[in-house]
Amino acid sequence: MPAAHLPRRRVVSSPRAQRAWAVLGEVLDPEVPALSVCDLGIVRDVIDHGSELEVVLTPTYSGCPATEVIEQSCLQALEAQGLGPARATLQRAPAWTTDWISEDGRRKLREYGIAPPGPTVPEAGVPIRIMRRQDALVACPRCGSRHTERLSAFGSTACKSLYRCLDCREPFEHFKPI
């Protein structure tokens, strides 16, 4: 995967920043509470400015209704662990992509019953690519079958679609690749 499409993390510059990463690894995403904001790749960086910590966040999309909740949850978690004061900075470019979800996060999605997204690495220089519908490629997170069908383009949130496994007959959500 090209480095330009990976979340940038600076070298952890201090023990305080290192502790902050560990704390943020426990902050759950409000829409998919099986994943932390770090599992999702939303936390781009933690910078120790001495007098305060700066948490750099990239929302999953610019209109994400959970952005404010995520910001506050991150800052409250750091404060609760005595790592404050802290501030959050939103960095929207480069745009978040599902490629930033960690392997551990993909495993957690499957265990939670959501099919993780496939890779979306766009060609060099192309920030977004329109992907063809790939119903046959979505594996059921319960039985692993690829014999699935899309029931709806939208699931419980705009970032997920609703599928059904034709083998085990169970419905499930698929985290859309973006």
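Thr157 is buried, at 16% relative accessible area; buried means under 20%, exposed over 50% and partly exposed in between, with a 1.4 Å probe and protein chains only. The model is predicted: local features need pLDDT of at least 70, side-chain atom pairs count only at pLDDT 80 or more, and totals for chains, interfaces and linings use all residues. Residues are numbered from 1 along each chain as its sequence is written, and side-chain values use heavy atoms, with hydrogens and water left out.

Thr157 sits in the loop between strand 5 and strand 6 (160–165). Helices (H or I, at least four residues) and strands (E, at least two) are DSSP runs, numbered from the N terminus. Beyond its neighbours within four places in sequence, Thr157 is in contact with Glu31 and Glu173. Contact means heavy atoms within 4.5 Å.

The protein has three helices and seven strands. Along the sequence their pattern is α-β-β-α-β-α-β-β-β-β. Of the 178 residues in the protein, 43% are buried. Contacts between residues at least 6 apart in sequence were also examined: 53% of them join residues at least 24 apart. The accessible surface comes to about 9,400 Å², and 54% of this surface belongs to carbon and sulfur atoms. Accessible areas come from the Shrake-Rupley method with a 1.4 Å probe; for residues, only the protein chains shown count as cover.

Helix 1 spans residues 15–24. Its buried residues are Arg16, Ala17, Ala20, Trp21, Val23 and Leu24. Seen down the axis of helix 1, these residues fall within an arc of 160°, so they line one face of the helix. The arc is that of the directions from the helix axis to the C-beta atoms. An α-helix has 3.6 residues a turn, so residues three or four places apart point the same way. Pro15 and Gln18 are exposed on the face of helix 1 turned away from its buried side. The cover over the buried residues of helix 1 includes strand 1 (43–48), strand 2 (53–57) and helix 2 (67–80).

Helix 3 (103–112) has three named buried positions: Gly105, Arg106 and Leu109. Down the axis of helix 3, its buried residues fall within an arc of 100°, so they too line one face of the helix. Glu103 and Glu111 are exposed on the other side of helix 3. Strand 4 and strand 7 are among the elements that cover the buried residues of helix 3. Just after helix 3, Gly113 takes a positive phi of about 100°.

Thr98 lies in the loop between strand 3 (86–90) and helix 3. Thr98 counts as buried, at 0% relative accessibility. With neighbours within four places in sequence left aside, the contacts of Thr98 include Arg106 in the sequence and the residues Phe175, Lys176, Pro177 and Ile178.

An open sheet of four strands has the order 4-7-6-5, with mixed pairing. Strand 4 (114–115) and strand 5 (148–152) stand at the edges, each with a single partner strand, so one side of each has no neighbour in the sheet. Two strands pair if DSSP finds at least two bridges between them. Strand 4 pairs with strand 7 (171–175) in the parallel sense, over two bridges. Here Ile114 stands opposite Glu173 in strand 7. Strand 6 and strand 7 run antiparallel and are joined by five bridges. Tyr163 has Phe172 in strand 7 as its bridge partner. The hairpin of strand 6 and strand 7 has five residues between the strands, and Arg169 takes a positive phi near 70° in this hairpin. Strand 7 is mostly covered, with four of its five residues buried.

Two cavities of 30 Å³ or more were counted. On a 1 Å grid over the protein atoms alone, a cavity is a set of points where a 1.4 Å probe fits but cannot get out; lining residues have an atom within 4 Å of a point. Grid points are joined across faces, edges and corners, and a volume is the space filled by probe spheres set on the points. The largest cavity has a volume of about 70 Å³. Its lining includes Asp29, Glu31, Leu40, Tyr61, Ala66, Cys159 and Phe175.

Ala66 lies in the loop between strand 2 and helix 2. Ala66 is buried, at 6% relative accessibility. Not counting residues up to four places away in sequence, Ala66 touches Pro30 and Glu31. Ala66 and Pro30 are 36 residues apart along the chain, yet their C-alpha atoms are separated by 6.8 Å.

Note on methods
On a 1 Å grid over the protein atoms alone, a cavity is a set of points where a 1.4 Å probe fits but cannot get out, and a pocket is an open set with protein on both sides within 12 Å along at least five of seven lines; lining residues have an atom within 4 Å of a point.
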